[in-house]
Amino acid sequence: MSKRPKTSWGSGFGLGFSGYNSVKLRSMKSDIGRMRAMQRETSEDIRRSTNLILNSIGSVAELQIATMSGLVELDNKLDTLSSIAWDVKGYLERKEKEENFVGDLKMIILGIEDELEKILEYSKKYPEYAIVQIEDLQTIIKDHDVKVEHFSKLSFADIKQAKQVIESVDDAHFQLNKRLGD
């Protein structure tokens, strides 16, 4: 038997190696194909999750817009209520001041009436002094512009009483002057 040429062993080995390489290459091509398919699937999954995230972000943005809209509407309603509350407060304060003013007017009439009674009481013994006091009372009434018209917010009976008291000061002054003139 003759010896095989080296090239045949080499060829056989090369052929086997070539076959092995071919199988490996096909296997690698198959693996690369699967990797590409997996990459496409992964890319598609990323795209789907990105769309979901963007849709979620859109939903959150819509929720935020709705919430902000609700807050703005609430703020506007509170502004309106606050304005109404201030108007009501102003009205109540004016009403309270008016009631206080009416009460002060009644007290003024009572004060004038009390002072006139005191003056008339000592006018019997001291008419000259009483005339000076009545003139002072008239000056006070005139300086403070006390008129029956200012009592228009009072009841009819109170207006009538105010008119009588104011006129009684002038009447008392006239009567004392008449008495001293005699």
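Here is a short walk through this predicted model, from its overall fold to a few side-chain pairs. Local features need pLDDT of at least 70 and side-chain atom pairs 80 or more, while totals for chains use all residues. Side-chain values use heavy atoms, without hydrogens or water.

Let's start with the fold: the chain has three helices and zero strands, running α-α-α from the N terminus. Helices here are DSSP runs of H or I with at least four residues, and strands are runs of E with at least two. Of the 182 residues, 13% are buried (under 20% relative accessible area with a 1.4 Å probe, protein chains only; exposed means over 50%, partly exposed in between).

Helix H3 covers residues 156–181. Its 26 residues should span 38 Å, taking 1.5 Å times one less than the number of residues, and the end C-alpha atoms agree at 37 Å apart. Its buried residues include Val 165, Ile 166, Val 169 and His 173.

Now for the charged pairs: there are eight salt bridges, each a side-chain nitrogen of Lys or Arg within 4 Å of a carboxyl oxygen of Asp or Glu. One of them joins Lys 106 to Asp 158 at 3.6 Å. That pair links helix H1 to helix H3 across 52 residues, and Lys 106 is partly exposed at 38%.

Because they lie three residues apart in the helix, about one helical turn separates them. Glu 115 and Lys 118 pair at 3.4 Å, and they too are three residues apart in H1.

Technical notes. Residues are numbered from 1 along each chain as its sequence is written.
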